[in-house]
Amino acid sequence: MQVAWVGAGDEALVTLDVPEDASVDDAVAKAALGLEGEVRNGGLVCAIFGRRVEPGALLAEGDRVEITRPLACDPKVARRRRATRNR
């Protein structure tokens with residue numbers, strides 16, 4: 001399994017071996033990127049292949065955990081606003 005992170009000016013892709021019952025939080029901690037605290041307090045969010053998950057979600061073989069910043073705006077809302085402005 002892998003843990004991926006892209007931040008301002010840095011990026012990382014860490015390949016890990018984790019036990020079968022490992023959670024997203026376990027993988028983030030084992031990746032040792034120093035982001036555990038921000039994930040726990042909600043400053044960063046996690047996804048598995050683009051689908052947002054909670055830190056306690058269990059991992060399956062071959063999963064890639066992506067650590068990202070939370071969305072500033074719902075993409076559907078932003079698209080509606082753009083469509084309204086362009087009329």
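Visitor: In which helix is Glu-38 found?
Guide: Glu-38 is found in helix H2. Helices are DSSP runs of H or I with at least four residues, numbered from the N terminus. This is a predicted model: local features need pLDDT of at least 70, side-chain atom pairs count only at pLDDT 80 or more, and totals for chains, interfaces and linings use all residues. Residues are numbered from 1 along each chain as its sequence is written, and side-chain values use heavy atoms, with hydrogens and water left out.

Visitor: Why does Glu-38 count as partly exposed?
Guide: Its relative accessibility is 33%. Buried means under 20% relative accessible area, exposed over 50%, and partly exposed in between (1.4 Å probe, protein chains only). Glu-38 therefore counts as partly exposed.

Visitor: What does Glu-38 touch, not counting residues up to four places away in sequence?
Guide: Gly-43, Leu-44 and Arg-69. Contact means heavy atoms within 4.5 Å. Glu-38 and Arg-69 are 31 residues apart in sequence and 9.8 Å apart in space, C-alpha to C-alpha.

Visitor: What makes Arg-40 and Asp-25 a salt bridge?
Guide: Their closest N and O atoms are 3.5 Å apart. The definition asks for a side-chain nitrogen of Lys or Arg within 4 Å of a carboxyl oxygen of Asp or Glu, so the pair qualifies. It links distant parts of the chain: Arg-40 in helix H2 (residues 36-40) and Asp-25 in helix H1 (residues 24-31).

Visitor: Why is Asp-25 called buried?
Guide: Its relative accessibility is 19%, so Asp-25 counts as buried. Arg-40 is exposed, at 54%.

Visitor: How do you know that Glu-66 forms a salt bridge with Arg-64?
Guide: The closest N and O atoms are 2.5 Å apart. That meets the cut-off, so this pair is a salt bridge.

Technical notes. Helix = DSSP H or I, 4+ residues; strand = E, 2+ residues; numbered from the N terminus.
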